[in-house]
Amino acid sequence: MIKPIFQKVLILINGSESSIHAAQYGILMAKLYRCTLKAVYVVDTATLKQLTLSKFFVAEESSEYEESLTADGKRYLTYVSNLATAKGIKMETELLQGGIWSETIRAADEFGANLILLGGVEKSSSEDDTLRESHKRILENAVCSVLSVTEPQIEQLYKLV
């Protein structure tokens with residue numbers, strides 16, 4: 001008997017609407033294919049350190065911003081965990097610190113992920129350069145499949161199932 005292609009799915013959450021859509025997509029996959037889910041949020045301390053070293057932030061500002069990002073991460077992970085629970089799915093969550101792409105790859109490797117789900121990135125938004133770069137690095141370095149979720153009807157599909 002052939003085992004399912006996607007047994008363990010890691011979802012990168014960053015607080016964007018598209019990452020929430022990736023979580024909903026993962027929840028639907030778990031319902032349909034009985035895969036195990038893990039959602040991670042990475043507090044980008046690597047970029048914060050660079051900003052502090054380049055004197056863009058003073059250490060106190062960097063620390064306050066990191067605390068804010070940590071609180072956001074906990075809130076988003078709780079939110080997606082609740083989305084999964086509402087559909088009868090268990091989802092493991094983890095708050096990480098470091099570089100977004102490297103921590104995502106490390107978490108996927110440790111989890112034994114067969115698939116990484118990423119939210120889509122807006123093509124016209126210049127604010128998303130860091131996110132775009134992180135997604136590119138994840139694609140280049142992942143040892144499992146990576147899927148960018150851009151399904152426009154995912155919220156409606158999530159509500160139906």
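Is arginine 34 buried or exposed in terms of relative accessible area? Arginine 34 is exposed, with a relative accessible area of 75%. The legends below describe a predicted model.

**Figure 1. Overview of the chain.** The predicted chain contains six helices and five strands, arranged from the N terminus in the order β-α-β-α-α-β-α-β-α-β-α. Of its 161 residues, 42% count as buried. Among contacts between residues at least 6 apart in sequence, 77% join residues at least 24 apart. The chain exposes about 9,400 Å², of which carbon and sulfur atoms supply 52%.

**Figure 2. Helix H1 and the residue that follows it.** Helix H1 covers residues 17-33. Its 17 residues should span 24 Å at 1.5 Å a residue, and its end C-alpha atoms are 24 Å apart, in agreement with that value. H1 is mostly covered, with twelve of its 17 residues buried; among them are Ser18, Ile20, His21, Gln24, Ile27, Leu28 and Met29. Glutamine 24, a residue of helix H1, counts as buried because its relative accessibility is 6%, under the 20% limit. Leaving out residues up to four places away in sequence, glutamine 24 touches Leu83, Ile154, Glu155 and Tyr158. Just after H1, arginine 34 takes a positive phi of about 55 degrees, although arginine 34 is not a glycine. Arginine 34 belongs to the loop between H1 and strand E2 (36-44).

**Figure 3. Phenylalanine 111 in helix H4.** Phenylalanine 111 lies in helix H4, which comprises residues 100-111. With a relative accessibility of 9%, phenylalanine 111 counts as buried. Beyond four places in sequence, phenylalanine 111 touches Lys8, Val9, Leu10, Thr36, Leu37, Lys38 and Glu92. The C-alpha atoms of phenylalanine 111 and threonine 36 are 9.9 Å apart in space, while the two residues are 75 residues apart in sequence.

**Figure 4. Leucine 77 in helix H3.** Leucine 77 is part of helix H3 (residues 59-86) and counts as buried at 5% relative accessibility. Its contacts, apart from neighbours within four places in sequence, are Ile13, Ala39, Val40, Tyr41, Thr93, Glu94 and Leu95. Leucine 77 and methionine 91 are separated by 14 residues in sequence and by 9.7 Å from C-alpha to C-alpha.

**Figure 5. The buried face of helix H5.** Helix H5 runs over residues 129-141. The buried residues of H5 are Leu131, Ser134, His135 and Ile138. Seen down the axis of H5, these buried residues fall within an arc of 100 degrees, so they line one face of the helix. An α-helix has 3.6 residues a turn, so residues three or four places apart point the same way. The cover over the buried residues of H5 includes strand E1 (8-13), H4, strand E4 (115-119) and strand E5 (145-149).

**Figure 6. Salt bridges within helices.** Arginine 137 and glutamate 133 meet through their side chains in a salt bridge with an N to O distance of 3.3 Å. These two residues are four residues apart in helix H5 and are therefore separated by about one helical turn. Arginine 137 is partly exposed, at a relative accessible area of 32%, and glutamate 133 is likewise partly exposed, at 36%. Salt bridges with shared partners join Lys38, Glu92 and Glu94 into one network. In helix H3, arginine 75 and aspartate 72 are three residues apart, about one turn of the helix, and form a salt bridge whose closest N and O atoms are 3.0 Å apart. Arginine 75 counts as partly exposed at 46% relative accessibility, as does aspartate 72 at 22%.

Figure 7. Lysine 38 forms a salt bridge with glutamate 94, with the closest N and O atoms 2.6 Å apart. The pair links distant parts of the chain, since lysine 38 is in strand E2 and glutamate 94 in strand E3 (residues 91-98), 56 residues apart. Lysine 38 is buried, with a relative accessible area of 6%, whereas glutamate 94 is partly exposed, with 23%.

**Figure 8. A nonpolar surface patch.** Leu157, Leu160 and Val161 form a nonpolar patch on the surface, and together they have about 290 Å² of accessible area. Leucine 160 is placed in helix H6 (residues 154-160) and is exposed, with a relative accessible area of 72%.

Key. Residues are numbered from 1 along each chain as its sequence is written. This is a predicted model: local features need pLDDT of at least 70, side-chain atom pairs count only at pLDDT 80 or more; totals for chains, interfaces and linings use all residues. Side-chain values use heavy atoms; hydrogens and water are left out. Buried means under 20% relative accessible area, exposed over 50%, partly exposed in between (1.4 Å probe, protein chains only). Contact means heavy atoms within 4.5 Å. Accessible areas come from the Shrake-Rupley method with a 1.4 Å probe; for residues, only the protein chains shown count as cover. Patches are made of residues with over 30% relative accessible area and no salt bridge: like charges are joined within 9 Å, nonpolar side chains (Val, Leu, Ile, Met, Phe, Trp, Tyr) within 5 Å. A salt bridge is a side-chain nitrogen of Lys or Arg within 4 Å of a carboxyl oxygen of Asp or Glu. The expected span of a helix is 1.5 Å times one less than its number of residues. The arc is that of the directions from the helix axis to the C-beta atoms.
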